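Trainee: Could we go through this model together? I'd like to see how the labels follow from the values.

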Amino acid sequence: MSSEPAQLNIPGHTEEHQHRSLWMDVWIQYRKHKGAMLGTIILLFLILAVTFGPMIYTVSADEINLQAINASGLPWQENFSWSHPFGADNLGRDTLARCLVGGRISIAVGLSAMLIALVVGTTVGILAGYYPMLDGPLMRITDMFFALPLLPLLLVVILLFRDSLRQIFGPEWGIFILIVSVIGILNWMPTARVVRGDVLALKEQEFVTAAVSIGTRSQNILLRHIFPNVLSPIMVSATLGIANAILTESALSFLGLGFPSDFPTWGRVLFDGLNFIQITPMLVFWPGLLISLTVLSVNFIGNGLRDALDPRLRGR
């Protein structure tokens, strides 16, 4: 007789399916979402371009070239120059170089503000959902923040604290810290509500009840049982939060209240090219296109993650 253990032959259930992990299932489902894969490719390309592009395209973003003033970004026009393929602004500064450098800042603002919003929103959501005595006060605070008009409040805060933070941290870092902090603090509410709803459902599950019955401390239950099971909505909120932060920063820079002109972002390049849109429309087209591609790709990634993390769509 053979000493090898018998194996069950279940139709449609191969060894690959038996040993597949949760995240492997998520990745397989995510790959099936064509929009999410397209968004991932575009976003990775943009991140690589703004990270390594200035090392390859070595034209300075602040260099003033009087011979390239208002150079066109269209090859069939007379004032087009291959040394400035995206054109140049009214001071002769290269638009491609400014877009590459500005992309670093815009994406860094999106990631940093998203992290602040996730930390605050996740903390509030978990505490409100797990502790009934904190639910009422924390949700009323959340409702109060929801009622605040975002853009007017941003404008007021920036006008009040911009000069003082510039003196403390410098003109660039002062504005960066101010914009990231304000955007992050004013965008945590959707994450808090979503996480709270999931925690309310999770704490009634049998594994949480069993942990409570054996005397597990609340902190350990939150960290080991509750938090890992709310990662799905947190990841989706993270992707959408990046897009929202980039749009908000672009709007502030477009209004002239963001970073200084010698510290370009995509929104700032848009603002600088607004008055010359009839002369050189490419000054507005290229940063606008980059903002649109980034926001759309992040939204597609969020939709793909939402579908991939849904167990009903994974067939589990």
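Trainee: Which residues does Thr 142 touch, not counting residues up to four places away in sequence?

Mentor: Those are Val 124, Trp 188, Met 189 and Arg 193. Keep in mind that this is a predicted model. Thr 142 itself sits in helix H5, residues 132-147.

Trainee: Why is Thr 142 called buried?

Mentor: Buried means under 20% relative accessible area. Thr 142 has 0% relative accessibility, so it counts as buried.

Trainee: And Thr 280, is that one buried or exposed?

Mentor: Try the cut-off again: under 20% is buried. Thr 280 has a relative accessible area of 3%, so it is buried. Thr 280 lies in the loop between helix H12 (266-273) and helix H13 (282-308). Leaving aside neighbours within four places in sequence, Thr 280 is in contact with Asn 70, Ala 71 and Ala 88.

Trainee: On to helices. At what angle do the axes of H4 and H7 cross?

Mentor: Roughly 45 degrees, and the axes of H4 (residues 95-130) and H7 (residues 171-185) come within 8 Å.

Trainee: Which residues make the contact?

Mentor: Among them are Ala 108, Val 109 and Ile 116 of H4, and Phe 176, Ile 179 and Gly 184 of H7. The contact residues divide into ten nonpolar, three polar and no charged.

Key
Residues are numbered from 1 along each chain as its sequence is written. This is a predicted model: local features need pLDDT of at least 70, side-chain atom pairs count only at pLDDT 80 or more; totals for chains, interfaces and linings use all residues. Side-chain values use heavy atoms; hydrogens and water are left out. Helices (H or I, at least four residues) and strands (E, at least two) are DSSP runs, numbered from the N terminus. Buried means under 20% relative accessible area, exposed over 50%, partly exposed in between (1.4 Å probe, protein chains only). Contact means heavy atoms within 4.5 Å. Axes are lines fitted to C-alpha atoms, for helices over the stretch in contact, and angles run from 0 to 180 degrees between N-to-C directions. Ala, Val, Leu, Ile, Met, Phe, Trp, Tyr, Cys and Pro count as nonpolar, Asp, Glu, Lys and Arg as charged, and the others, Gly among them, as polar.
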